[in-house]
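Notebook open, model loaded. I'm jotting down what I looked up, in the order I looked.

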Amino acid sequence: MKKHLVIAALILCLIVPVSALAGVPLDMVKGNVDKVLEVLRDPSLKAESAKKIKKDKIMDIADKMFDFTELSKRTLAQYWNKLNAAQQKEFVDLYKSLLADTYADKILQYTEEKIVFGKEVPLAEKTVEVQSTVMRKNGDVSIYYRVIQDDGSWRIYDVVIEGVSLISNYRSQFKEILANKPPESLLETLRKKTGKT
């Protein structure tokens, strides 16, 4: 269940490219959450036949708003440098596809939750954590969005749900493979999982 909340939170913060002049990270995340919810609640996309269109829109937004390279580097940690440039690029693409394949259907179920935003917490010179809470009927859920500034814009590189981060969750899974096998083994595993063999 936490995995589903993680990806839902990731998607719920996606729209509108942000420049350094567009406001603080909190404003960026809040604005994006509102706009993604508009997509999820769009009456013209309610039909089952529009499901793929909605998924495609969400993934286009995710591609623009997330720093998937930063997410990948932090997920693999010390193992990132064991991949050559071509392997790194492929890993980023496969990781993104894995997230989409794993969670796309779950994301579409999130339409009625209310999200209350709290404060910004600086993590480092160019990273900030934006804290929020999802108000749910069966209990509130804390969601912390971690964003990084690069080339004058803020982009999301991790989401922490009730103390569990997306990066940490996948890092442990990938580490099991990379600790004893070459990078190609991880790539092959991801190819199979995403149907890109």
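**Confidence.** pLDDT is the predictor's confidence in each residue, on a scale from 0 to 100. Helices here are DSSP runs of H or I with at least four residues, strands are runs of E with at least two, and both are numbered from the N terminus. With that in hand, I checked the elements: helix α1 (residues 2-11) has the lowest mean pLDDT, 54, and helix α4 (residues 68-76) has the highest, 96. The protein chain averages 84, and 87% of the residues score at least 70.

**Ground rules.** This is a predicted model, so I note that local features need pLDDT of at least 70 and side-chain atom pairs count only at pLDDT 80 or more, while totals for chains, interfaces and linings use all residues. Residues are numbered from 1 along each chain as its sequence is written, and side-chain values use heavy atoms, with hydrogens and water left out.

Over residues 14-23, pLDDT stays under 50. The model still has 27 contacts beyond four places in sequence for that stretch, a contact being heavy atoms within 4.5 Å. Where pLDDT is low, the predicted coordinates should not be read in detail.

**Layout.** I get 7 helices and 5 strands. From the N terminus the order is α-α-α-α-α-β-β-β-β-β-α-α. Of the contacts with a separation of 6 or more, 57% join residues 24 or more positions apart. Of 197 residues, 45% count as buried (under 20% relative accessible area; exposed is over 50%, partly exposed in between; 1.4 Å probe, protein chains only).

**Core.** Which residues have the most contacts inside the largest nonpolar core? I found Leu76, Phe91 and Phe174, in a core of 50 residues. Helix α5 (residues 85-107) gives the most to this core, with 8 residues. A core here is a set of buried Ala, Val, Leu, Ile, Met, Phe, Trp, Tyr and Cys residues joined through side-chain atoms within 4.5 Å. Beyond its neighbours within four places in sequence, Leu76 touches Leu83, Phe91, Phe174, Leu178 and Leu186.

**Helix α6.** Phe174 sent me to α6, where the buried residues are Leu166, Ile167, Tyr170, Phe174 and Leu178. The helix (residues 166-178) has 13 residues and reaches 18 Å from first C-alpha to last, close to the expected 18 Å; that expectation is 1.5 Å times one less than the number of residues. I also see a bend of about 25 degrees at Ser172, taken as the angle between axes fitted to the seven residues ending there and the seven starting there. At the start of α6, a side-chain oxygen of Ser165 comes within 3.4 Å of the backbone nitrogen of Ile167.

Away from its sequence neighbours within four places, Gln87 contacts Lys82, Pro183, Glu184 and Leu187. Pro182 sits in the loop between α6 and α7 (183-194) and is partly exposed at 47%. Its C-alpha is 8.9 Å from that of Leu83, 99 residues away along the chain.

**Positive phi.** Asp151, in the loop between β3 (141-150) and β4 (153-161), has phi near 55 degrees, positive in a residue other than glycine. Asp151 is exposed, with 77% relative accessibility. Glu162 lies in the loop between β4 and β5 (164-165), with phi near 45 degrees. Glu162 is partly exposed at 36%.

Conventions:
A polar contact is a pair of N or O atoms within 3.5 Å; within protein, one must be able to donate a hydrogen and the other to accept it, and residues adjacent in sequence count only if both atoms are side-chain atoms.
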